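Hi,

Here is the structure I said I would pass on. Have a look first, and then read my notes below.

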Amino acid sequence: MRTKLIIPAVIGFLALIALVQSMFMVDQTERAIVLELGKPVGDKPLDPGLHFKLPFVQNVVFFDSRILNYDAEPAEILTRDKKNMVVDNYTKWRITDPLLFYRTVRSIPRAQARLDDIIYSEIRVALGNYTLIEIVSGKRGQITQEVTTKSNALVSEYGIEVMDVRIKRTDLPAENARAIFGRMRAERERQAKQYRSEGQEESSKITALADRERTILQADARRQASVLRGEGEAEAIRLWADALGRDPEFYAFQRSLEAYEKSLKENSRLVLTPDSPFFKYLR
């Protein structure tokens with residue numbers, strides 16, 4: 001009796017396991033393919049929803065249907081003007097055909113390896129058509145558009161679509177950067193010396209011009225002073241002569257008083273005759 005109960009229970013349990021194993025859910029962000037002994041079943045991937053498979057014989061592989069990012073390692077390239085640059089880029093891509101993707105590259109790491117090879121090759125070719133100044137200044141958008149278009153055409157055979165390729169940063173190799181910085185420093189020092197020399201030359205010119213103008217101004221001032229002094233002395237002489245012409249006796253009297261003031265001081269001695277003209281106004 002117990003054996004009769006165990007057998008249906010075992011059969012039911014196995015049936016439940018088989019049912020669970022046969023059911024699977026595909027998320028909205030995924031696509032899936034069913035594999036039987038390692039080979040895809042069907043000719044198109046499974047859309048989101050509930051699906052069934054043969055238990056224990058078939059298995060399911062899921063693929064992300066969203067846009068994926070791949071950040072490549074920086075790589076060195078050569079520009080048209082023979083300048084080395086280190087380029088750091090990233091790629092936005094997605095899986096458009098899971099069946100083809102599985103048959104060709106099988107996994108995302110292998111797909112990223114193929115993307116790395118193809119995109120780096122296209123970037124190297126594209127940047128090789130431009131000079132360093134063009135790449136840095138204004139051609140980056142055009143370059144990335146060219147790389148995106150060509151890379152997308154090459155990866156379509158893997159069930160992949162390249163949405164966008166962007167160059168994050170362009171740097172010079174360390175040894176080139178040191179050499180360029182050295183040249184820039186030497187150029188700036190040369191310009192600084194030139195500016196200092198030109199400044200000193202201009203300063204000397206300004207100083208010489210100021211000294212010359214100062215000398216001219218001083219000479220003009222001395223000349224004008226001499227002229228004014230001469231005119232003043234001439235005017236004084238004219239006034240004295242005019243005063244003398246009007247009253248010679250008063251002029252003689254004034255001159256005698258000045259002579260008395262200067263000569264007849266304390267303890268002064270004069271030896272003169274009584275009728276000397278010097279005492280004319282003291283008599």
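**What I found**

Let me start with Gln58, which sits in strand S5, residues 58–64. Keep in mind throughout that this is a predicted model. Gln58 counts as buried because its relative accessibility is 11%, under the 20% cut-off. Its side chain has a polar partner: the side chain of Glu36, at 3.0 Å. If you skip the neighbours within four places in sequence, Gln58 is in contact with Val34, Leu35, Glu36, Val41 and Lys53.

**The chain overall**

The protein chain has 7 helices and 9 strands. Of its 283 residues, 22% count as buried. Taking the contacts with a separation of 6 or more, 64% come from residues 24 or more positions apart.

In soluble globular proteins, nonpolar side chains tend to be buried together. Here the largest nonpolar core has 34 residues, and the members that touch the most others are Trp93, Phe101, Leu127, Ile143 and Ile160. Which helix gives the most to this core? That is H3, with 7 residues. There is also a second, separate core of 5 residues, with Val26, Ala32, Val34 and Val60 among them.

Leaving out residues up to four places away in sequence, Ile160 touches Trp93, Arg94, Thr96, Phe101, Ala111, Leu115, Asn152 and Val155. Two of those names, Trp93 and Phe101, are also on the list of core residues that touch the most other members.

Thr96 is the next one to find on screen. Thr96 belongs to the loop between strand S8 (84–95) and helix H2 (98–104). Thr96 and Ile160 are 64 residues apart in sequence, yet their C-alpha atoms are 5.5 Å apart in space. Besides Ile160, Thr96 touches Gly159 and Glu161, again not counting residues up to four places away in sequence. Is Thr96 buried or partly exposed? Thr96 is partly exposed, since its relative accessible area is 44%.

**Helix H5**

H5 covers residues 140–155, so 16 residues in total, and spans 22 Å from its first C-alpha to its last. That is close to the 22 Å expected at 1.5 Å a residue. Its buried residues are Ile143, Thr144, Val147, Thr148, Ser151 and Val155. They lie on the same side of H5, because they cover an arc of only 135 degrees around the axis. What covers these buried residues includes helix H3 (108–127), helix H4 (132–137) and strand S9 (160–171). Val155 is one of the residues that Ile160 touches.

**Salt bridges**

Side chains of opposite charge can pair when their charged atoms come close.

- Arg114 pairs with Asp117, with the closest N and O atoms 3.6 Å apart. The two are 3 residues apart in helix H3, so about one helical turn separates them. Arg114 is partly exposed at 30% relative accessible area, and Asp117 is partly exposed at 48%.
- Lys205 and Glu201 meet through their side chains at 3.7 Å, N to O. They are 4 residues apart in helix H6 (residues 174–246), so here too the separation is about one helical turn. Lys205 is partly exposed, with 48% relative accessible area, and Glu201 is partly exposed, with 47%.
- Arg166 and Asp164 form a salt bridge at 2.7 Å, N to O. Arg166 is partly exposed, with a relative accessible area of 39%.
- Asp71, Asp88 and Lys168 are joined in a network of salt bridges.

Most residues other than glycine have a negative phi, and most peptide bonds are trans. Arg106 has a positive phi, near 70 degrees, and is a residue other than glycine. You will find Arg106 in the loop between H2 and H3. Arg106 is partly exposed, with a relative accessible area of 41%.

Cheers

Methods:
Residues numbered from 1 in each chain as written. Predicted model: local features only at pLDDT ≥ 70, side-chain atom pairs only at ≥ 80, totals over all residues. Heavy atoms only, no water. Buried < 20%, exposed > 50% of the residue type's maximum accessible area, 1.4 Å probe, protein only. Polar contact = N/O pair within 3.5 Å; in protein donor to acceptor, adjacent residues only side chain to side chain. Contact = heavy atoms within 4.5 Å. Expected span 1.5 Å × (residues − 1). Arc of directions from axis to C-beta. Core = buried A, V, L, I, M, F, W, Y, C linked by side-chain atoms within 4.5 Å. Salt bridge = Lys/Arg side-chain N within 4 Å of Asp/Glu carboxyl O.
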